[in-house]
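Let's take a walk through a protein model together. Have a look at the picture, then read on.

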Amino acid sequence: MKTALLIPVYNEAETLPFLWEETQAVLCGLPEHTFEYIFVNDGSTDSTLLQLKSLAQEHKNVKIISLSRNFGKEAALSAGLAEAAGAEAVIVLDADLQDPPELIPAFLQKYQEGFDIVYGVRADRTKDSWLKRLTARGFYKCYNALASRPLPENTGDCRLLSRRAVQAVLSLPERERFMKGLFNWVGFRAAGVPFSRQKRRAGKSKWTYWQLWNFALEGLTASSTLPLRLWTYCGFAVSGFAFVYALWVAAKKILYGNPVSGYASLMVAVLFFSGVQLISLGVIGEYLSRVFTEVKQRPLYIIDEKINC
């Protein structure tokens with residue numbers, strides 16, 4: 001059975017030696033399988049590409065796709081999936097080793113049991129910071145409350161995809177891609193494999209909390225139109241409240257002759273409703289920006305060079 005290990009990398013020169021050593025140790029215990037590495041260099045600016053080229057010279061089963069610049073992890077995953085045409089299954093791994101290569105045998109076992117998608121479940125995240133655990137939990141709760149197809153909680157991109165699952169993902173044409181949502185949307189039989197999340201072996205994460213926040217917004221708007229409906233309901237609710245309040249003010253004036261509320265209460269009302277309008281415009285803007293990106297029809301990525309491909 002030929003299996004491709006898809007590993008997107010961006011400035012991971014410090015982790016590559018550990019990644020290669022640990023992955024090779026796992027693969028040596030699976031002699032009945034044939035493996036190839038597909039590294040997607042996502043515009044690294046350190047010595048990552050040089051190290052990958054050195055590996056490719058020594059090992060013919062190492063393929064390198066080097067993108068012309070940093071297009072982001074979602075585009076890098078798409079490039080790697082497109083290159084893995086000859087593999088019966090594709091296993092996505094992160095270069096930081098937080099989702100360990102020791103998952104590979106369990107993934108393959110589930111695949112042989114008939115599952116098309118096998119994903120890692122981060123059952124133990126104690127080695128992540130409390131803020132990372134809190135924000136991750138909040139994202140999954142919010143996403144699953146809004147999306148039509150909920151995501152399994154505490155899952156990342158680390159997973160196995162069968163050939164037909166890969167083809168299904170590649171057939172999806174959108175350019176603003178939320179891969180975890182796409183992996184989940186295509187369906188097929190899926191199973192989870194629990195594991196303990198590890199610390200990053202070397203280097204620092206390339207994700208800032210601001211980038212993670214924007215990524216979460218992209219994931220939500222890519223997978224659900226419910227936020228637009230919620231603001232429609234919110235508009236009806238606010239309008240109804242304002243109408244009832246206007247009747248109450250008019251009745252007080254007619255019956256008791258009370259003066260109209262003063263400047264302070266008027267400003268509070270104006271600022272509140274202005275805030276509601278700006279938030280609703282922001283929600284609409286998030287969806288409009290996705291339409292703008294799709295209409296331009298630019299490619300997901302541009303390949304600078306391929307090695308051993």
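The axes of helix 3 (residues 73-83) and helix 6 (residues 163-170) come within 10 Å and cross at roughly 130°. That makes helix 3 oblique to helix 6, because angles under 35 degrees count as roughly parallel, over 145 as roughly antiparallel, 65 to 115 as roughly perpendicular and the rest as oblique. (Axes are lines fitted to C-alpha atoms, for helices over the stretch in contact, with angles running from 0 to 180 degrees between N-to-C directions; helices, H or I with at least four residues, and strands, E with at least two, are DSSP runs numbered from the N terminus.)

By the way, this is a predicted model, so local features need pLDDT of at least 70 and side-chain atom pairs count only at pLDDT 80 or more, while totals for chains, interfaces and linings use all residues. Residues are numbered from 1 along each chain as its sequence is written, and side-chain values use heavy atoms, with hydrogens and water left out.

Who does the touching? Helix 3 brings Ser78, Leu81 and Ala82, and helix 6 brings Val166, Val169 and Leu170 (contact means heavy atoms within 4.5 Å).

Now find the open sheet of eight strands, which has mixed pairing and the order 7-5-6-4-1-2-3-8. Strands pair if DSSP finds at least two bridges between them. At the edges sit strand 7 (190-196) and strand 8 (303-307), each pairing on one side only. From one strand to the next, the twist averages 20°.

Zoom in on strand 4 (residues 89-92): it pairs with strand 6 (residues 155-162) in the antiparallel sense over four bridges. Val90 has Leu161 of strand 6 as its bridge partner.
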